[in-house]
Amino acid sequence: MALKFEVLGRFNRARAAQLTLPHYLCQTPLFMPVGTQGTIKGLTKNQLEEIGCQIILGNTYHLALRPTSELIDELGGLHKFMNWPRALLTDSGGFQMVSLLHLADITEKGVTFQSPVDGKPMLLTPEESIQIQNRIGADIIMALDDVVRTTITGPRIEEAMYRTLRWIDRCIAAHKRPNEQNLFGIVQGGLDPVLRDICVRGLVERNLPGYAIGGLAGGEDKDSFWRVVAQCTAALPEDKPRYVMGVGYPLDIVVCSALGADMYDCVYPTRTARFGTALVPEGVLKLKHQAMANDIRPIDPMCECMLSRDLHSSIVEGRFPEFVCKFLQTMFPKGDVPEWVCNAMEVAGIDISSCCREMRFDVDKSSTL
């Protein structure tokens with residue numbers, strides 16, 4: 001195991017921790033921007049350091065296609081390739097089962113993709129995914145899992161969950177750098193609490209360095225989303241990092257942090273910025289609108305900080321409930337906080353009645369703990 005996870009502060013489920021990785025000492029909760037091919041488009045590495053970026057996510061599938069993991073290895077690994085001194089995480093390539101489903105064929109052996117570069121078939125097995133990630137050299141590497149959209153129902157969900165458990169053993173066996181890279185397992189099971197529980201217990205038995213909650217942020221309703229997060233975080237070990245994959249909306253990050261999650265990633269913030277929309281405490285600011293043509297004010301004159309930094313400090317300093325209320329009051333000044341948020345915060349033990357319109361709570365706490 002090549003990490004150390006030390007909880008520095010708590011408020012009920014929420015926790016702030018220090019995550020020590022081979023290349024950087026991180027403060028959680030934290031958000032990881034996605035640098036699919038070894039770069040965050042539009043930002044230099046110095047700018048990323050200035051805004052407090054701690055971990056960048058790279059995409060195993062795309063890096064294996066171009067420039068190839070062999071070349072990255074020859075050049076000293078992805079850290080040197082992209083001149084990034086802090087931590088890196090690589091995904092397994094499993095998400096491409098969903099995003100490139102029309103190009104993929106999934107079997108017990110692995111996933112066969114048709115390359116979007118040259119059209120040639122590419123077989124990604126659990127062993128090959130780990131070998132590629134070992135060559136790339138990220139601080140955290142992800143097990144190859146069988147990914148299906150949460151909007152899918154029926155036997156395919158159960159099949160994918162059990163295959164994910166079978167594949168984790170193949171990933172563990174293939175991992176040749178456990179003292180330098182941390183292999184995280186991924187909890188699958190769709191929106192079925194029974195399947196999620198089976199997957200959590202199976203992964204925890206493997207005593208991995210950390211755990212991710214996968215298969216969310218794919219079109220499911222928000223009430224189902226937070227309940228899955230609440231169930232998984234409650235069952236995962238207290239002394240290991242918990243990573244909710246594909247989450248990038250600020251509201252979702254705050255809710256998941258209140259429920260006990262530590263790490264997040266998504267293309268949303270950077271992709272949205274490239275198309276001219278900034279994320280501000282009130283929501284979004286569309287900079288391409290005509291009203292902005294002659295507006296010379298800063299995007300947010302009151303804030304020089306990052307959301308993850310605020311989350312961490314508010315938990316450590318014992319003011320997390322106040323932070324959550326202020327965050328929600330700013331985003332929902334009329335008090336129209338979504339009911340799913342109110343229900344999630346009730347389970348998290350945070351009183352947000354001061355910033356919510358009066359509404360009936362129908363959350364069943366016993367089903368989410």
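Me: In which loop is the place of P67?
Reply: The model is a predicted one, and the helices are numbered from the N terminus. Helix α2 covers 60-65 and helix α3 covers 69-74, and the place of P67 is in the loop between α2 and α3.

Me: What is the phi of N12, and where does N12 lie?
Reply: Most residues other than glycine have a negative phi. N12 is a residue other than glycine with a positive phi, near 50°. As for its place, N12 lies in the loop between β1 (4-11) and β2 (14-20).

Me: Is T68 buried or exposed, or does T68 fall in between?
Reply: T68 lies in the loop between α2 and α3, and its phi is positive, near 90°. Buried means under 20% relative accessible area and exposed means over 50%. Because its relative accessibility is 25%, T68 counts as partly exposed.

Me: Which pocket has a lining that takes in D91, S92, G93, G94, F95, D145, Q188 and G215?
Reply: An unreviewed UniProt entry places the feature "binding site" at D91, S92, G93, G94, F95, D145, Q188 and G215. From this set, D91, S92, G93, G94, F95, D145, Q188 and G215 are taken in by the lining of the second largest pocket.

Me: With which side chain does the side chain of Q188 make a polar contact?
Reply: Q188 sits in the loop between β11 (182-187) and α8 (193-205), and it is buried because its relative accessible area is 3%. Leaving out residues up to four places away in sequence, Q188 touches several residues, among them D145, D146, M161 and G215. The polar contact, at 2.7 Å, is made with the side chain of D145.

Me: Which residues is G215 in contact with, leaving aside neighbours within four places in sequence?
Reply: G215 is found in the loop between β12 (210-213) and α9 (222-235). Its relative accessibility is 15%, so G215 counts as buried. With those neighbours left aside, the residues in contact with G215 are T150, Q188 and R196.

Notes:
Residues numbered from 1 in each chain as written. Predicted model: local features only at pLDDT ≥ 70, side-chain atom pairs only at ≥ 80, totals over all residues. Heavy atoms only, no water. Helix = DSSP H or I, 4+ residues; strand = E, 2+ residues; numbered from the N terminus. Buried < 20%, exposed > 50% of the residue type's maximum accessible area, 1.4 Å probe, protein only. UniProt positions renumbered as here; feature names shortened; annotations may be inferred. 1 Å grid on protein atoms, 1.4 Å probe; cavity = no way out; pocket = protein on both sides within 12 Å on 5 of 7 lines; lining within 4 Å. Contact = heavy atoms within 4.5 Å. Polar contact = N/O pair within 3.5 Å; in protein donor to acceptor, adjacent residues only side chain to side chain.
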